[in-house]
Amino acid sequence: MEQTLKVTNVLSDPTRYSIYQYMITQHKEVNVTDIARSFKIHPNVARLHLTKLEDINLIESYALKTGKGGRPSRMYRLSNEVIELNFPHRDYKLLSTIAMESFVELGEAGRNALYKTGKKYGSGVVERSHGLNRSLDMSTEQKLNLIEDAGMMLGMYPTFNYSPESNSVSFIIRNCPFKEVAVNNHKMVCELHNSFIKGMFEALFTGVVLEETENMFNGCENCSYMAKFSIV
């Protein structure tokens with residue numbers, strides 16, 4: 001309970017929350033000067049925000065020697081600790097891990113069922129959002145915006161780049177919402193995530209072909225994809 005209050009108190013500040021979101025989406029280490037410049041705030045204020053985020057273990061810091069003498073620069077990066085706000089306590093991560101291991105035990109049939117279900121839920125997320133706009137004749141760009149917004153809502157922080165000439169879109173996923181569960185079964189979890197994303201596209205397009213071009217678990221900065229589709 002005490003930790004929950006600390007986390008909610010720290011993240012209740014809009015600037016501090018935005019700084020944390022910025023660090024998630026940028027995937028890079030920052031220092032006080034970077035944050036002060038990006039958010040147009042005084043360096044002392046930036047340092048305070050970073051210290052508060054470090055106090056609750058959302059980020060961590062280390063001293064970086066510049067080789068030019070003087071005091072080392074302090075760098076900040078995302079920590080590996082995941083903060084989950086559930087009251088009363090709920091351990092959905094444990095439940096997910098148990099479910100994943102159960103599918104693994106079922107072999108090929110279990111994996112196929114997992115991917116099929118992932119695609120179903122991906123479609124469902126977009127269909128629910130699309131349901132609010134079914135009376136509108138949506139353009140391809142509007143449909144892609146809807147998928148991108150759904151991805152943002154799910155914490156993927158995607159960025160889309162649409163090519164009308166080839167009916168395709170390249171996009172990156174800056175944050176994996178299944179990262180912690182994927183540590184032990186990353187190939188299977190990544191296939192699940194791919195099925196989920198393909199389901200999102202198939203809710204609005206036909207003939208969808210999804211290709212993963214980069215993967216975070218292979219040392220890449222982001223997960224990258226290319227999706228081709230037919231216009232309905």
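The model is a predicted one, in which local features need pLDDT of at least 70 and side-chain atom pairs count only at pLDDT 80 or more, while totals for chains, interfaces and linings use all residues. Residues are numbered from 1 along each chain as its sequence is written, and side-chain values use heavy atoms, with hydrogens and water left out.

I then placed N161 in strand β3, residues 158–163, strands being DSSP runs of E of at least two residues and helices runs of H or I of at least four, numbered from the N terminus. Leaving aside residues up to four places away in sequence, I noted that N161 touches S168, V169 and S170, a contact being heavy atoms within 4.5 Å. F171, 10 residues from N161 in sequence, lies 6.0 Å from N161, C-alpha to C-alpha.

Next I turned to a helix pair. I saw that V125, V126, S129 and H130 in α6 meet L146, I147, A150 and M153 in α7. By class, this contact of α6 with α7 has 6 nonpolar, 2 polar and no charged residues, with Ala, Val, Leu, Ile, Met, Phe, Trp, Tyr, Cys and Pro counted as nonpolar, Asp, Glu, Lys and Arg as charged, and the others, Gly among them, as polar.

Last, I recorded the whole chain: it holds 9 helices and 6 strands, and of its 232 residues 36% count as buried.

Key: Buried means under 20% relative accessible area, exposed over 50%, partly exposed in between (1.4 Å probe, protein chains only).
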